[in-house]
Amino acid sequence: MEPTTVEGGPFPLLGQPGKDGSEALPLAETPQARKWRITTTSRHTVSGYLPPWAAEDPSEVDVPIEHLAARLVDVHHYADFDGQTLRRVRTTQDGGEPGTLHLLSGSIDCVPYAADPEPRVPTVTVNVTPECWLSELGPADVLALAEQLRAQADRLAYEVHPALLGARADWAAAHDEEEGAGALAVRPAAGDFGGCA
């Protein structure tokens, strides 16, 4: 079965006159339906919907019929999204040396022939840290995660940052006092160097 073709001519753009001379609103042209297709060596064909956001087309030809089931399980539609990059951070992965850490990147995923029903519809996977992945997040889960991250960002900005400034000011004041008294604090006690007074 061939992909569906959407019929229709070009749509008028904003600012171009309509048939009655009025200004037309912009209309997006309907994209042509896409399909993936796996064809076996025995000419059996299985096809399915290929989302417009999918990064790859899993289509294949000349698949041995005995491998068809495995190929279908491997059909995975995905679209990656970027996260945040922290530079010059120390991590245990690189032996404590400053490096780069990537957080909160991920993908929209759909595995139509998955054994479990959850991944058969689009879900989100988020790489929280290199060792921690949150998978199969539905729409409510994504919004809940966004709220938690927003709350943590507010905590960092409005609680931790002022507390850090206060802690540094206190630290500096305490060390300024020590420097004023430093000459006395580090003077060797009498008798430490052969009894010199």
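Is Asn-127 buried or exposed? I opened the notebook with that residue. The model is predicted, and I kept that in mind for each entry.

**Entry 1: Asn-127**

I looked up the relative accessible area of Asn-127 and found 9%. Asn-127 is therefore buried, the cut-off being under 20%. I placed Asn-127 in strand S8, which covers residues 123-129. Next I listed what Asn-127 touches, leaving out residues up to four places away in sequence. The list holds Leu-103, Leu-104, Ser-105, Gly-106, Cys-132 and Trp-133.

**Entry 2: cysteines**

Cys-132 is on that contact list, so I checked how exposed Cys-132 is. Its relative accessibility is 31%, and Cys-132 therefore counts as partly exposed, between the limits of 20% and 50%. I also looked up Cys-110, which has 8% relative accessibility and counts as buried. I then searched for disulfides, with sulfur atoms within 2.5 Å as the rule, and the count was 0.

**Entry 3: nonpolar core**

Which residues form the largest nonpolar core? I found 8 of them: Trp-36, Ile-38, Leu-50, Ala-54, Val-63, Leu-68, Leu-72 and Val-75. Strand S1 (35-40) and helix H1 (68-73) are the elements that give two or more residues to this core. Not counting residues up to four places away in sequence, Leu-50 touches Arg-34, Lys-35, Trp-36, Glu-56, Asp-57, Pro-58 and His-77.

**Entry 4: whole chain**

I counted 3 helices and 9 strands in the chain. Read from the N terminus, their order is β-β-β-α-β-β-β-β-β-β-α-α. The chain has 197 residues, and 19% of them count as buried. Among contacts between residues at least 6 apart in sequence, 33% join residues at least 24 apart.

**Entry 5: confidence**

What is the average pLDDT of the chain? I read off 80, and 72% of the residues score at least 70. Residues 1-20 have pLDDT below 50, and this stretch has 27 contacts in the model beyond near neighbours in sequence. Residues 183-197 are also below 50, and I found 3 such contacts for that stretch. Where pLDDT is low, predicted coordinates should not be read in detail.

Notes:
Residues numbered from 1 in each chain as written. Predicted model: local features only at pLDDT ≥ 70, side-chain atom pairs only at ≥ 80, totals over all residues. Heavy atoms only, no water. Helix = DSSP H or I, 4+ residues; strand = E, 2+ residues; numbered from the N terminus. Buried < 20%, exposed > 50% of the residue type's maximum accessible area, 1.4 Å probe, protein only. Contact = heavy atoms within 4.5 Å. Core = buried A, V, L, I, M, F, W, Y, C linked by side-chain atoms within 4.5 Å. pLDDT = per-residue confidence, 0-100.
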